[in-house]
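Thanks for coming. I have one structure to go through today, and I will keep to what can be computed from it.

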Amino acid sequence: MIGPTGAVRVMVATKPVDFRKGAEGLAALVREIMTADPFSGAVYVFRAKRADRIKLIFWDGTGLCLFAKRLEDGIFRWPKIEDGVMRLSAAQLSALLEGLDWRRVHEARETVTPTQPG
């Protein structure tokens with residue numbers, strides 16, 4: 001995948017935004033609405049009123065990147081529309097971008113190996 005992977009912070013704006021905005025306009029929303037720094041390395045996710053569109057912005061160290069996707073069939077699974085921001089894991093973001101239900105993706109559980117008697 002082009003773009004962020006691994007242990008990146010993913011912040012989702014839960015209210016739809018004007019999808020005519022480009023990278024600079026979305027970066028302004030990150031500062032004003034999310035009260036965050038768009039150049040922090042986190043991924044900021046935005047939705048349109050229509051649930052089949054998504055935009056992400058993130059700083060890759062050399063410039064502000066804009067990623068946009070429109071599903072040909074189906075819709076993205078979005079959190080309830082309300083004011084605020086929610087956080088997703090990188091795995092949940094990947095599921096969201098595929099049009100899957102990101103709520104079914106959970107953090108890996110740490111397994112404990114029993115110690116053998118000495």
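I will take the sheet, the helices, the cores, the salt bridges and then a loop.

First, the ground rules. This is a predicted model, in which local features need pLDDT of at least 70 and side-chain atom pairs count only at pLDDT 80 or more, while totals for chains, interfaces and linings use all residues. Residues are numbered from 1 along each chain as its sequence is written, and side-chain values use heavy atoms, with hydrogens and water left out.

Start with the sheet. Five strands make up an open sheet with mixed pairing, and their order is β4-β3-β2-β1-β5. On terms: helices (H or I, at least four residues) and strands (E, at least two) are DSSP runs, numbered from the N terminus. Two strands pair if DSSP finds at least two bridges between them. The edges are β4, residues 64-70, and β5, residues 85-88; each has a single partner strand, so one side of each has no neighbour in the sheet. From one strand to the next, the twist averages 25°. Angles here run from 0 to 180 degrees between N-to-C directions, with axes taken as lines fitted to C-alpha atoms, for helices over the stretch in contact.

One pairing in detail. Strand β1, residues 10-13, runs parallel to strand β2, residues 43-47, and three bridges join the two. Val10 has Val43 in β2 as its bridge partner.

Now the helices. Helix α1, residues 23-32, packs on the sheet and touches β2, β3 (53-59) and β4, with its direction at about 80° to that of β3. Contact means heavy atoms within 4.5 Å. Which residues of α1 are buried? They are Ala23, Leu26, Ala27, Ala28, Leu29 and Val30, and they pack against β2, β3 and β4. Buried means under 20% relative accessible area, exposed means over 50%, and partly exposed is in between, with a 1.4 Å probe and protein chains only.

Helix α2, residues 90-97, also packs on the sheet, and touches β1, β2, β3, β4 and β5; its direction makes about 100° with that of β5. The buried residues of α2 are Gln92, Leu93, Ala95, Leu96 and Leu97, packed against β1, β2, β3, β4 and β5. After α2 comes Gly99, with a positive phi near 85°.

That leads to the cores. A nonpolar core is a set of buried Ala, Val, Leu, Ile, Met, Phe, Trp, Tyr and Cys residues joined through side-chain atoms within 4.5 Å. The largest has 18 residues, and those touching the most other members are Val43, Val45, Ile54, Trp78, Leu93 and Leu96. At least two residues of this core come from each of β1, β2, β3 and α2. The most come from α2, which gives four.

What does Trp78 touch, leaving aside its neighbours within four places in sequence? Its contacts are Val12, Val45, Phe46, Arg47, Ala51, Arg53, Ile54, Leu96 and Trp102.

Next, charges. How many salt bridges does the structure hold? There are four, where a salt bridge is a side-chain nitrogen of Lys or Arg within 4 Å of a carboxyl oxygen of Asp or Glu. Asp18 pairs with Arg20, with the closest N and O atoms 2.9 Å apart. Asp18 is partly exposed at 32% relative accessible area, and Arg20 is exposed at 74%.

Asp52 forms salt bridges with Arg50, at 3.4 Å from N to O, and with Arg53, at 3.3 Å. Through shared partners, Arg50, Asp52 and Arg53 form one network.

Last, the loop between α1 and β2. Ile33 is located in this loop. Is Ile33 buried or exposed? It is exposed, with a relative accessible area of 61%. The C-alpha atom of Ile33 is 8.1 Å from that of Gly84, although the two residues are 51 apart along the chain.

Thr35 is in the loop between α1 and β2 as well. Thr35 is not a glycine, yet its phi is positive, at about 45°. Its relative accessible area is 67%, which counts as exposed.

That is the end of my list.
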